[in-house]
Amino acid sequence: MQGVASPTSAGVAFLARPGRPAVVTPTLAELTGPTRGVVELPLRLMWNLHRTFDLGDPDDLLWMYENVLRETTHADDLRELVNGHLLRQVWPMLNLPRGVRAAWEHRHGALRDDRALRTA
């Protein structure tokens, strides 16, 4: 998996779920996904019949990002579907597995700082 960072802590990868490391991109700038419109997630990321998300709907945006960040095994999914600027805006509101949040905040301290500022 070229261009993918799976941060580790004490030699153990942060896990999205048991046996699956969280996938994190090296930079937030490379996350150039859409900022508006309707997005349909591929089946590998969302098995539900409702796989279409309106990015103008805040709940849809959060639900889509939560699914992509939790389910992806490919950095290309992140680059195509997640927007770095939007991710920073919604980061504190995302309901993520502990390992996914820890991996992203370990790699991108700005996310941790943004969350701390908004929850203080």
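**Labels and the values behind them**

Mentor: Val-24 is buried, with a relative accessible area of 0%. Keep in mind that we are working from a predicted model.

Trainee: Why is Val-24 called buried?
Mentor: The label requires a relative accessible area under 20%, and the value for Val-24 is 0%, so the residue counts as buried. Val-24 belongs to the loop between β4 (20-21) and β5 (38-40), and its C-alpha lies 8.4 Å from that of Leu-69, although 45 residues separate the two in sequence.

Trainee: What makes Ala-13 partly exposed?
Mentor: Partly exposed covers the range between the buried cut-off, under 20%, and the exposed one, over 50%; Ala-13 has 24% relative accessibility and therefore falls in that range. Ala-13 is part of strand β2 (residues 12-13), and its C-alpha is 9.8 Å from that of Val-23, ten residues apart in sequence.

Trainee: And why does Asn-95 count as exposed?
Mentor: Exposed means over 50%, and Asn-95 has 60% relative accessibility, so the label applies. Asn-95 sits in the loop between α3 (84-90) and α4 (98-107). Leaving aside neighbours within four places in sequence, Asn-95 is in contact with Glu-66 and Arg-101. From the C-alpha of Asn-95 to that of Asn-67, 28 residues apart along the chain, the separation is 9.6 Å.

Trainee: Why is α1 described as largely enclosed by the rest of the structure?
Mentor: Eleven of its 14 residues are buried, which is why α1 is described in that way.
Mentor: Helix α1 (residues 58-71) has 14 residues and reaches 20 Å from its first C-alpha to its last, which sets it close to the 20 Å expected at 1.5 Å a residue.

Trainee: What makes Asp-57 a cap at the N-terminal end of α1?
Mentor: A side-chain oxygen of Asp-57 lies 2.9 Å from the backbone nitrogen of Asp-59, and the cut-off for a polar contact is 3.5 Å.

Trainee: How do you know that the charged end of Arg-101 sits over the ring of Trp-91?
Mentor: The charged end of Arg-101 is 4.8 Å from the centre of that ring, where the distance cut-off is 6 Å and the direction must also lie within 35 degrees of the ring normal. As for aromatic pairs, the count comes to zero.

Conventions:
Residues numbered from 1 in each chain as written. Predicted model: local features only at pLDDT ≥ 70, side-chain atom pairs only at ≥ 80, totals over all residues. Heavy atoms only, no water. Phe/Tyr/Trp six-rings, centres within 6.5 Å; stacked < 30°, edge-to-face > 60°. Helix = DSSP H or I, 4+ residues; strand = E, 2+ residues; numbered from the N terminus. Expected span 1.5 Å × (residues − 1). Buried < 20%, exposed > 50% of the residue type's maximum accessible area, 1.4 Å probe, protein only. Polar contact = N/O pair within 3.5 Å; in protein donor to acceptor, adjacent residues only side chain to side chain. Contact = heavy atoms within 4.5 Å.
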